Amino acid sequence: MSKTLYILNGPNLNRLGTRQPEIYGTVTLDEIKGCCAELVSAAGLDLVFRQSNAEGELVSQVQQAADSASALIINAGAYTHTSIALHDALKLMSQPVIELHLSNPAAREVFRQTNYVAPAATASICGFGAMGYEMAVTAALKLVKI
Ligand code: DQA
């Protein structure tokens, strides 16, 4: 069975490209997906790349990843700072989990200092903009020893 890398994206990340470009840059989520797909396919893995604005949907997708992914990369958006449900779902994972953010939440507003994802993740990549996705994919591929 081929290995599958999951990349999950939370609320408002479907608006990348036009959403607060001074913070998140001008690259769209579709462009990021294309770049990740190339890297993953070159390594011979399958990619599941999804975005949802709904917390419960993201919980279900993490559960799917727990059942079938080799590794998970997650940019949970604002749910990072609020969602115990997402934290609990991530704790189902025995595979590597990479937390990802385009910006560096630690250097932003106080309400972004609460983080329910990081304590359930293997590692975090923050503050590199869209390049963080490439970095996370490269790291995930190494973690699954491709
Ligand atoms: C984000 C950071 C979060 O604080 C914010 O709510 C987002 C995007 C990032 O990628 O920098 O929606 O996850």
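Start by selecting helix H3, residues 55–68, and show what surrounds it: the buried residues of H3 pack against S1, strand S2 (46–51), S3 and helix H4 (84–90). Keep in mind as you click around that this is a predicted model.

Which residues of H3 are buried? Highlight Leu58, Val59, Gln61, Val62, Ala65 and Ala66. Now look down the helix axis: these residues cover an arc of only 165°, so they sit on the same side of H3. Here's a handy rule for reading that view: an α-helix has 3.6 residues a turn, so residues three or four places apart point the same way. While you're here, try the distance tool on the end C-alpha atoms of H3. Its 14 residues reach 20 Å, close to the 20 Å expected at 1.5 Å a residue.

Next stop: helix H5, residues 131–143. Color Gly132, Tyr133, Ala136, Val137, Ala140 and Leu141, the buried residues of H5. What do they pack against? Select strand S1 (4–9), helix H2 (29–42), strand S3 (71–75), strand S4 (97–101) and strand S5 (123–126), and you have the partners of these buried residues. Just after H5, click on Lys145, which takes a positive phi of about 65°.

Now for the inside. The largest nonpolar core has 23 residues, and the ones with the most contacts inside it are Leu5, Ile7, Ile73, Tyr133 and Val137. S1, H2, S3, S4 and H5 each supply at least two residues of this core, and the largest share, five residues, comes from H5. Zoom in on Val137: leaving aside its neighbours within four places in sequence, Val137 is in contact with Leu5, Ile7, Cys36, Leu39, Val40 and Ile73. Apart from this core lies another one, of 21 residues, with Tyr6, Val48, Ala66 and Ala121 among them.

Last stop: the loop between S1 and helix H1 (21–24), where you can pick out Asn12. Asn12 has a positive phi of about 75° although it is not a glycine. Then hop to Gln20, found in the loop between S1 and H1. Gln20 also isn't a glycine, yet has a positive phi of about 35°, and at 36% relative accessibility Gln20 counts as partly exposed.

Terms used: Residues numbered from 1 in each chain as written. Predicted model: local features only at pLDDT ≥ 70, side-chain atom pairs only at ≥ 80, totals over all residues. Heavy atoms only, no water. Helix = DSSP H or I, 4+ residues; strand = E, 2+ residues; numbered from the N terminus. Expected span 1.5 Å × (residues − 1). Buried < 20%, exposed > 50% of the residue type's maximum accessible area, 1.4 Å probe, protein only. Contact = heavy atoms within 4.5 Å. Arc of directions from axis to C-beta. Core = buried A, V, L, I, M, F, W, Y, C linked by side-chain atoms within 4.5 Å.
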